[in-house]
Amino acid sequence: MSSSSSVSRRSFLRSAGTFMALPMLESVGFRAFAAEKAVTTPTRMAFLYIPNGVNMHQWVPKGTGAGYELSPTLQPLANLKGEFNIFSNLAHDKAESNGDGAGDHARATATFLTGCQAKKTAGSDIRIGQSVDQIAATALGDKTRLASMELSTDGERTSGRCDSGYSCAYQFNLSWKTETMPMAPEMDPRLVFERMFGMGSATGSPAEAEKRRRYQKSVLDFVMADAKSLQRRISNSDNRKLDEYFASVRDIETRIEKAERMKIDMPAGVHVPTGIPQSAQEHIRLMFDLLLLAFQTDSTRVATFLLAHDGSNRSFPEIGVPDSHHNISHHQNNPEKLAKIAKIDQFYMTQFAYFLQRMKEAQEGGKSLLDSSMIVYGGGISDGNAHDHDRLPVILAGRGNGTLNPGHHIQLGEKTPMTNLYLAMLDRMGVKAERIGDSTGVLEGI
């Protein structure tokens, strides 16, 4: 193995049309991404959105502090109880009508990361506010290949009328670069993968991506010569780490390719984007695995994931709920509908648990990726029947590089602005912001 100074601790593999970031390598010096001197692990943040409210009777845990009891909906997180805090009484006042009438679903999504009141319009004159993720991306984006990553399972809609006179842009976009410019999320795992590894349309070379698909070559095939050169210069433990990483990359590729091969024939005029699994669970988990990969390789430190837009009518026959989610969220206290909502809540929670477990298992710099991250999971509506925007279902997972104290149910004062939590998170990212939307100060005691 050559001297440690000859290899960057955050290494990259390259070939024509392909750029492959690697996880942190402990055996090769202490210089990260070209110039860092100290041995540090960066802090990451991600925001995961669930739609249509929850069954609050099954969501709220019993007790507070470290001794609280997990509620039925939170049971998928039982093995991870020490890795997150659950909050009660966070609110988004600007998602209320405040004189604008109906449109709670559009406002819930638009307000979730901005804390601002959306201008009620279905035209091109949309206006909301910069979202917390983009405040962080603006400050930190020059440190990574991708300033931020925006994911969805719903696709992109930036115009048209969706909810009670609100533009679809509000409902289908979680991230806002400016008050008038949403950051369109990507729902196709193939396109996310190619953006991460510098392939296809992301680099203006679609022919290279098409050639690779035609011959079913892995991104690993393109960089293997560079990889073998690197492996001769690193320790056995780092070689094992690389082997696991390469296996993970190939697994993601295989799942994308399977989704492309096994597309269901649709009637004429119905377009099914390539690379999108038919199973909602597989789609969500594939996107989570890509997000994990992005954090693991320090490709980005800021991400959003719209698991489904508010007002989503997705059905869940795989868990025995063939009904549309939005329709049954107007449950009118019907026990059968509430039971189905609880099943959907547990479905999403199970996917979240999958992601947290994978984050916990991924090691970097002697700690897990979850230890160095802050992951918000929640939605802009609590009870879907009443369209409440207070008592929001919100979880904050991770330790923020030792700046968070997880393992508690934190009961806050009534209608505490959600944006106060975001100020606290930005502070832990080293990003100074005096205010976000309707914030009143940094949330303490987390």
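This is a predicted model: local features need pLDDT of at least 70, side-chain atom pairs count only at pLDDT 80 or more; totals for chains, interfaces and linings use all residues.

Student: How much space lies in the second largest cavity?
Tutor: About 30 Å³. The count of cavities of 30 Å³ or more comes to 2.

Student: Let us take Thr 304. Is it buried or exposed?
Tutor: Thr 304, which has its place in strand E10, has a relative accessible area of 3%, so it counts as buried, the cut-off being under 20%.

Student: What is Thr 304 in contact with, leaving aside neighbours within four places in sequence?
Tutor: Its contacts are Phe 47, Leu 113, Asp 133, Met 149, Glu 150, Leu 151, Leu 174 and Ser 175. Among these, Glu 150, Leu 151, Leu 174 and Ser 175 also line the second largest cavity.

Student: Changing topic, how many residues does the largest nonpolar core have?
Tutor: It has 58 residues, and those with the most contacts inside it are Leu 48, Leu 77, Tyr 348, Phe 352, Ile 375 and Ile 395. Helix H9 (residues 280–296) gives the most to this core, with 11 residues. A second, separate core has 36 residues, including Val 132, Ala 136, Met 418 and Leu 443.

Student: And what does Tyr 348 touch, again leaving aside neighbours within four places?
Tutor: Tyr 348 is in contact with Ile 50, Pro 51, Ile 284, Leu 307, Ala 308, Arg 314, Phe 316, His 325 and Tyr 377.

Student: What about helix H11: how far does it reach from its first C-alpha to its last?
Tutor: H11 (residues 335–361) has 27 residues and reaches 38 Å, close to the 39 Å expected at 1.5 Å a residue. At the start of H11, a side-chain oxygen of Asn 334 comes to within 2.8 Å of the backbone nitrogen of Glu 336.

Student: Finally, how many helices and strands are there in the protein?
Tutor: There are 12 helices and 15 strands. Of the 446 residues, 58% count as buried. Among contacts with a separation of 6 or more, 69% are between residues 24 or more positions apart.

Conventions: Residues are numbered from 1 along each chain as its sequence is written. Side-chain values use heavy atoms; hydrogens and water are left out. A nonpolar core is a set of buried Ala, Val, Leu, Ile, Met, Phe, Trp, Tyr and Cys residues joined through side-chain atoms within 4.5 Å. Buried means under 20% relative accessible area, exposed over 50%, partly exposed in between (1.4 Å probe, protein chains only). Helices (H or I, at least four residues) and strands (E, at least two) are DSSP runs, numbered from the N terminus. Contact means heavy atoms within 4.5 Å. The expected span of a helix is 1.5 Å times one less than its number of residues. A polar contact is a pair of N or O atoms within 3.5 Å; within protein, one must be able to donate a hydrogen and the other to accept it, and residues adjacent in sequence count only if both atoms are side-chain atoms. On a 1 Å grid over the protein atoms alone, a cavity is a set of points where a 1.4 Å probe fits but cannot get out, and a pocket is an open set with protein on both sides within 12 Å along at least five of seven lines; lining residues have an atom within 4 Å of a point. Grid points are joined across faces, edges and corners, and a volume is the space filled by probe spheres set on the points.
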